[in-house]
Amino acid sequence: MTAIKRVTIFFLWILSAASTAKAQKKITEGTITYSMAYDLPADKQVIAATLPTEVTFYFRGDSSAAIFNQGVATVKGVSDFKANFHSLLIDIPSSLQKIAVVLTPAEIEQEKAAIPQLTGVKGTEKQVIDGYNCTKEIVTDPKSGATYETWITNDIDLPPNSVSKPVSIFGGVPVKFITFNSGLTIKAEIKEIKEVAVPVGFFTPTKDYQPMTYTELKAMGGKN
């Protein structure tokens, strides 16, 4: 085989590889479901049965809403990070209660302060997880010194939500990662993404929801 022919074949192979590479797909509306597992300290084991093992987010533009069951209640947590807006819509069928809680800016800042501000170092290790080409990132909690593996993909582009937000600052979409909520460390992994239309008014409470403050909610045991 001549040198020219070898170069030509190699060049065509490069073009073929480039043409079959997965282009980044931007998703602006749909649902994303995560599987959830918890590292619970001894004093939190009593709540293990009430914690959701799966959470689905509906998202459109900058708004997202998590839907999950927590004991006797169905909770919808709505977030718009650009507008610094967070609310909880709680439905308790057994007591015919529907509660709408909008966090104040001060309460949002207080909740943010409880979430570790992670730093990250990008690695070279790669892995296909749930069908996505991922790169490993080692993230560190500067306060505790704890380190965690985070697997990030650039195959897709979609807005962060309250589960992925703590590790959405490392140049991609977190696929398999550690996140934090209410003092709990959570192992999360993308289970499914669907491009579907989000119903109109999905992020807004209907008139049958009773307004309640975040302080009142925590006082009645709405926050562990």
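How many bridges join β2 to strand β13 (residues 184-194), and do they run antiparallel or parallel? There are 9 bridges between β2 and β13, and the two run antiparallel. Strands here are DSSP runs (E, at least two residues), helices are runs of H or I with at least four, and both are numbered from the N terminus; two strands pair if DSSP finds at least two bridges between them.

A word on the model before we go on. This is a predicted model, in which local features need pLDDT of at least 70 and side-chain atom pairs count only at pLDDT 80 or more, while totals for chains, interfaces and linings use all residues. Residues are numbered from 1 along each chain as its sequence is written, and side-chain values use heavy atoms, leaving out hydrogens and water.

The mean pLDDT (the predictor's confidence in each residue, from 0 to 100) is 85 for the protein chain, with 88% of residues at 70 or more. Confidence is lowest in helix α1 (residues 3-20), with a mean of 37, and highest in strand β14 (residues 210-212), at 96.

Elsewhere, β7 pairs with β14 in the parallel sense over 3 bridges, with V101 opposite M212.

The structure holds 11 salt bridges (a Lys or Arg side-chain nitrogen within 4 Å of an Asp or Glu carboxyl oxygen). Three of them are listed here.

| Salt bridge | N to O distance |
|---|---|
| K26 and D157 | 3.2 Å |
| K82 and D62 | 3.9 Å |
| E149 and K136 | 3.6 Å |

E149 lies in strand β10 and K136 in strand β9, so their pair ties together parts 13 residues apart in sequence. K136 counts as buried at 16% relative accessibility, whereas E149 is partly exposed at 43%. Together with E125, K136 and E149 are linked in a network of salt bridges.

Note on methods. Buried < 20%, exposed > 50% of the residue type's maximum accessible area, 1.4 Å probe, protein only.
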